[in-house]
Amino acid sequence: MARQGGMHLGSYALFMVALFQWGFLGLAILDPVDFLALQSIRKSLHDLPGSNFLASWDFTSDPCNFAGVYCESDRVVALNLGDPRAGSPGLTGRIDSAIGKLSALVELSIVPGRIYGSLPASISQLKGLRFLAISRNFVSGNIPATLGELRRLKTLDLSYNQLTGGIPHSIGTLPELTNVILCHNHLSGSVPPFRSQVLTRLDLKHNALSGSLAPNSLPASLQSLSLSWNQLTGPVDKLLYRLNKLNYLDLSLNQFTGPIPGRLFSFAITNLQLERNLFSGPVQPANQVTIPTVDLSHNRLSGHISPMFSTVQNLYLNNNQFSGKVPASFVNRLLSASIRILYLQHNYLTGIEINPTAEIPLRSSICLQYNCMVPPVQTACPLKAGKEKIRPAAQCNEWKG
């Protein structure tokens, strides 16, 4: 088709019609490059059944009044594609490379739907972009390394997609990042160092990431760190020692090794998930632990159970190598219902001072089976604890020896 000034005649004619109408109505005239970019974006997207988000995208009217389009002067500065209300069906189609022509764009988001195909590399042309969120769709392919050119980016959310390949190291160099959410994809390779000193949330759970984390690979500004359901290895004690602003930590279902630093338990964390790793050695908090939920189960932790854990409401220490007697402070708090869950099964514990006739509050639950003692109280244990009540004497003797 013939072109005029770099645009198709059909698009040009439509733009001129719109231009006349906007002038007649006294409206600001949208930059023609932005106008044409929005046209291309519209052609590549469709409403899913039940959605009418794109119904307002009539290019004979002012595009700045389109649903999800926000302008300043004659430029598009924010593009929020799809109905944000909960339960909305969202959109389907691909993200057109013309998105990179919206050079004044500061915010780009697409609500959950069925957007497929890869992220266009042209997104890296949006030098002023601060917010990029395309989650819960079917976006596939690699994360473009050129996203590292978005030096003003603060939030990157590409979670719940079908992305593969590694996390580009260039993303870790972005200086203003505050939120990185790449969970529930198929990403592999190592976790790159993140250099932003204002990064507060890093969520990489449910991927196939591997390798170890260097002690200085993450900034001390982190408040929420989730790396669960990966294949990460190596020690993290020196790294965790530095992250004293954490209020949420989930490293579960990896292959992390080495000790858990006692200092970690003094952080203002609300939920500590370190289960199903290869952590080893004793665990010695310096003070009473005030974290409501602590899960250290399914590791290789050993030594005596610290009485400092008796102030935890939900404590999972099962499937480790703890030995000795359970501190009396646990019994007192259990009987007063201050402890809700106390799972100590599958260890090498040798005793607990509790009256066999003591009534465990209905709100509380304790499991002691498969240790080196006869459980003095019979309580309901989770099904995964198995049916055996006592660990074989040979195993207990071998552990003592």
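The torsion about the S-S bond of Cys 372 and Cys 396 is about -95 degrees, so this disulfide is left-handed, a disulfide being a pair of cysteine sulfur atoms within 2.5 Å. The bond between Cys 372 and Cys 396 has an S to S distance of 2.1 Å, and the pair links distant parts of the chain, with Cys 372 in the loop between β29 and α6 and Cys 396 in helix α6, 24 residues apart. Helices (H or I, at least four residues) and strands (E, at least two) are DSSP runs, numbered from the N terminus. Both Cys 372 and Cys 396 are buried, where buried means under 20% relative accessible area, exposed over 50%, and partly exposed in between (1.4 Å probe, protein chains only).

The structure is a predicted model, in which local features need pLDDT of at least 70 and side-chain atom pairs count only at pLDDT 80 or more, whereas totals for chains, interfaces and linings use all residues. Residues are numbered from 1 along each chain as its sequence is written, and side-chain values use heavy atoms, with hydrogens and water left out.

A search of the whole structure finds three disulfides, and when the bonded cysteines of the chain are numbered in sequence order, the pairing is 1-2, 3-5, 4-6. Cys 367 is joined to Cys 381 with an S to S distance of 2.0 Å, and the torsion about this S-S bond is about 110 degrees, so the disulfide is right-handed. This pair also links distant parts of the chain, since Cys 367 belongs to strand β29 (residues 365–367) while Cys 381 lies in the loop between β29 and α6 (393–400), 14 residues apart. Cys 367 is buried, with a relative accessible area of 0%, whereas Cys 381 is partly exposed at 23%.

The remaining bond joins Cys 64 to Cys 71, with an S to S distance of 2.1 Å; the torsion about it is about -95 degrees, so this disulfide is left-handed. Cys 64 is partly exposed, with a relative accessible area of 21%, and Cys 71 is likewise partly exposed, at 24%. Cys 183, by comparison, counts as buried at 2% relative accessibility.

With regard to the chain as a whole, the secondary structure comes to six helices and 29 strands. The radius of gyration of the chain is 28 Å, whereas a compact globule of 401 residues would have a value near 21 Å; this quantity is taken over C-alpha atoms, and the globule rule is 2.2 Å times the number of residues to the power 0.38. Taken along the principal axes, the C-alpha atoms fill a box of roughly 90 × 40 × 30 Å. Buried residues make up 50% of the 401 residues, and the accessible surface comes to about 17800 Å², of which 54% belongs to carbon and sulfur atoms, as given by the Shrake-Rupley method with a 1.4 Å probe; for residues, only the protein chains shown count as cover. Of the contacts (heavy atoms within 4.5 Å) with a separation of 6 or more, 41% are accounted for by residues 24 or more positions apart.

Helix α2 (residues 32–43) has 12 residues and reaches 17 Å from its first C-alpha to its last, close to the 16 Å expected at 1.5 Å a residue, the expected span being 1.5 Å times one less than the number of residues. The N-terminal end of α2 is capped by Asp 31, a side-chain oxygen of which lies 2.8 Å from the backbone nitrogen of Val 33. Within α2, the buried residues include Asp 34, Phe 35, Ala 37, Leu 38, Gln 39 and Ile 41.

Definitions and conventions: A polar contact is a pair of N or O atoms within 3.5 Å; within protein, one must be able to donate a hydrogen and the other to accept it, and residues adjacent in sequence count only if both atoms are side-chain atoms.
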